[in-house]
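Here is a quick tour of a model, written for someone who likes cut-offs spelled out. Have the viewer open and follow along.

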Amino acid sequence: AHLNTHTGDFVCTSCFAQGSWDKYLELAGQKKFQNTIPRTRGSDPPPFEIPAETLNRLQQNLVAHEEVYGWLTGTDDRSQRKLSAETLAAYGVGLGFVDPSVPEVTDLEQLVEGGDHMVPCLVYPRTTFRTNSFFEDGTAEGEEAAAETQDAAALFHTVQLKLTAWRPKDCKSSSASGQQTMYYPSEQTQPGLFGFHVAASSNSSDVILTARELDAMAAYQATGIPAVSLPRNSYQLPLDSMRALEPFERVYVWLDDNQQGIEAAQLIARKLGVDRSLVVRTRDGSHRAAKSAGDALARGLDMQAILDESQPLQHDKVLSFAALRDAVRFEVTNPDLIRGVESKDLPGWNACFKGLRPGELTILSGPTGCGKTTVISQLSLDFCRSGVSTLWGSFEIPNVRLAARMMSQYARTDISKSPKDIDYWSRRFGDLPMYFLKFHGSTKPETVLDTMRHAVYAYDVKHIVIDNLQFMMSMQAKGVDKYDAQDAAIATFR
């Protein structure tokens with residue numbers, strides 16, 4: 001559990017109970033506490049390890065490729081990343097080759113050697129302990145003892161490779177709607193984080209959490225504090241990845257300094273515990289021009305000074321204008337940045353609603369069959385592609401039928417007519433930060449709300465869809481009372 005040492009309030013990372021110190025003592029006395037955060041959403045995947053020889057060859061590819069290596073290590077202009085050779089080697093970054101016309105990487109040897117019509121892309125390894133756990137023997141003490149007696153090669157192994165375009169025109173797949181990120185293996189593997197072996201083998205009590213791999217390396221190089229990056233291209237910290245951060249006393253959450261990144265950083269900081277988390281801002285004051293840690297390093301800013309200015313979250317029930325001053329200044333001087341997440345598929349929606357913004361409740365109404373569910377499904381897919389974790393509550397249409405429809409919308413074709421593509425699009429759809437409520441028909445709002453709270457904590461959900469309110473509230477009131485019941489449900493969700 002994460003315990004606030006000042007107020008005594010706690011949040012349990014296993015059962016998600018929360019409350020006062022007295023409630024904590026009551027629950028702790030009932031049974032022995034154990035860390036039972038699930039490693040995956042389902043059963044554990046089979047063990048998988050990428051050979052060390054292959055990783056070494058990928059790193060050699062990077063050093064030998066003058067253009068990509070020069071872009072990473074160059075210091076002549078702002079477009080270059082200014083990373084040192086030592087930093088790249090410490091994190092095990094490599095270079096592979098992919099065919100832009102093929103949606104998935106299946107041949108590891110071809111990834112290393114390349115071939116006709118293949119383009120280079122950066123390879124980021126995700127590592128974990130060889131025990132298929134973020135703890136050597138399941139405890140923090142076991143991790144420390146193992147680190148003292150074994151070297152990094154014996155302790156850690158690589159469970160997955162993330163392949164990312166180093167420039168927009170590369171690593172795009174026409175059959176995959178222009179995706180710029182692939183994974184090998186593409187199936188789910190053991191939980192791993194980029195930079196975990198650097199952080200876990202250090203003696204530091206601090207760690208930096210960033211949005212991307214380049215930001216993690218930049219933060220580590222400039223400050224000397226080990227850094228890891230979020231596992232997906234979305235502002236989401238899964239529960240199985242939270243285990244990697246438990247041994248550290250202080251966590252610097254350093255995401256993009258824009259509206260979406262700031263909100264995600266605050267949510268993650270609360271999830272990790274406000275008494276041990278600090279939110280880093282790079283655009284405050286003289287650092288306004290830098291969007292992220294990688295951008296700050298490329299611009300030659302004093303990143304240690306930026307880190308020193310990081311702030312903990314304030315108590316969420318008491319505010320003074322001093323706590324609001326920076327946010328007010330940011331909103332006034334950056335009107336474009338405070339717009340919500342905009343829709344790329346439905347641009348007309350942006351003009352009406354100014355994007356998807358937190359804390360807003362939108363009611364979409366219309367006659368049966370007019371396309372309400374279709375429109376909301378498309379918006380949900382659109383937001384998921386932008387990294388917005390979404391929770392769908394379908395009380396009218398069964399989840400299986402809804403997911404099948406949404407998968408066809410995502411593929412932009414009727415996949416029932418292309419059976420050979422179903423497995424591929426199932427994997428692509430499964431990579432989206434999309435979750436579904438397991439309710440159908442009449443359900444009490446309080447029950448739905450409790451599940452929503454769990455999803456916000458466990459899966460960093462930022463967008464919730466209820467489809468629809470009439471079906472959810474059916475048979476819970478009669479006559480004119482049913483309208484009062486629906487108003488009460490709306491007030492509860494608000």
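Is Arg412 buried or exposed? Arg412 is exposed, since its relative accessible area is 55%; exposed here means over 50% relative accessible area, buried means under 20%, and partly exposed is in between, with a 1.4 Å probe and protein chains only. Before going further: this is a predicted model, where local features need pLDDT of at least 70 and side-chain atom pairs count only at pLDDT 80 or more, while totals for chains, interfaces and linings use all residues. Residues are numbered from 1 along each chain as its sequence is written, and side-chain values use heavy atoms, with hydrogens and water left out.

Back to Arg412: its phi is near 60°, a positive value in a residue other than glycine. Arg412 sits in the loop between helix H17 (399-411) and helix H18 (422-430); helices (H or I, at least four residues) and strands (E, at least two) are DSSP runs, numbered from the N terminus. His117 also has a positive phi, near 65°, and is found in the loop between H5 and E5. With a relative accessible area of 69%, His117 counts as exposed.

## A cis peptide bond

Most residues other than glycine have a negative phi, and most peptide bonds are trans. Tyr184 and Pro185 are joined by a cis peptide bond, with omega about -5°. Look for Pro185 in the loop between strand E7 (181-184) and helix H8 (196-200).

## Nonpolar cores

In soluble globular proteins, nonpolar side chains tend to be buried together. The largest nonpolar core has 33 residues, and Leu62 and Trp254 have the most contacts inside it. A core here is a set of buried Ala, Val, Leu, Ile, Met, Phe, Trp, Tyr and Cys residues joined through side-chain atoms within 4.5 Å. Among the elements that give this core two or more residues are helix H3 (66-73), strand E5 (119-129), helix H9 (213-223) and helix H13 (303-308). There is also a second, separate core of 31 residues, including Leu193, Leu230, Leu239 and Phe248.

What does Leu62 touch, once residues up to four places away in sequence are set aside? Its partners are Val68, Tyr69, Leu72, Leu88, Val93, Gly94, Leu95 and Leu122, where contact means heavy atoms within 4.5 Å.

Met303 lies in helix H13 and counts as buried at 2% relative accessibility. Leaving aside neighbours within four places in sequence, the contacts of Met303 include Ala218, Ala222, Trp254 and Leu297. Met303 and Ala218 are 85 residues apart along the chain, yet their C-alpha atoms are separated by 9.1 Å.

Met242 belongs to helix H10 (residues 239-242), and its 1% relative accessibility makes it buried. Met242 and Ile268 are 26 residues apart in sequence, with 9.9 Å between their C-alpha atoms.

## Salt bridges

How many salt bridges does a search of the whole structure find? The count is 17, each one a side-chain nitrogen of Lys or Arg within 4 Å of a carboxyl oxygen of Asp or Glu. Glu113 pairs with Arg57, the closest N and O atoms being 2.4 Å apart. Glu113 is in helix H5 (residues 108-113) and Arg57 in helix H2 (residues 52-64), so this pair ties together parts that are 56 residues apart in sequence.

Glu213 and Lys162 form another bridge, at 3.0 Å from N to O. Lys271 and Asp460 meet at 3.1 Å, N to O; they are 189 residues apart, Lys271 being in helix H11 and Asp460 in the loop between helix H19 (445-459) and strand E14 (463-467). Both Lys271 and Asp460 are buried. Finally, Arg212, Asp215, Asp256 and Lys291 are linked in a salt-bridge network.

## The cavity

The structure holds one cavity of 30 Å³ or more. Residues lining the largest cavity include Leu255, Asp256, Ile262 and Arg281. On a 1 Å grid over the protein atoms alone, a cavity is a set of points where a 1.4 Å probe fits but cannot get out, and lining residues have an atom within 4 Å of a point. Helix H11 (residues 259-272) gives the largest share of the lining, three residues.

Notes. 1 Å grid on protein atoms, 1.4 Å probe; cavity = no way out; pocket = protein on both sides within 12 Å on 5 of 7 lines; lining within 4 Å. Points joined across faces, edges and corners; volume = space filled by probe spheres on them.
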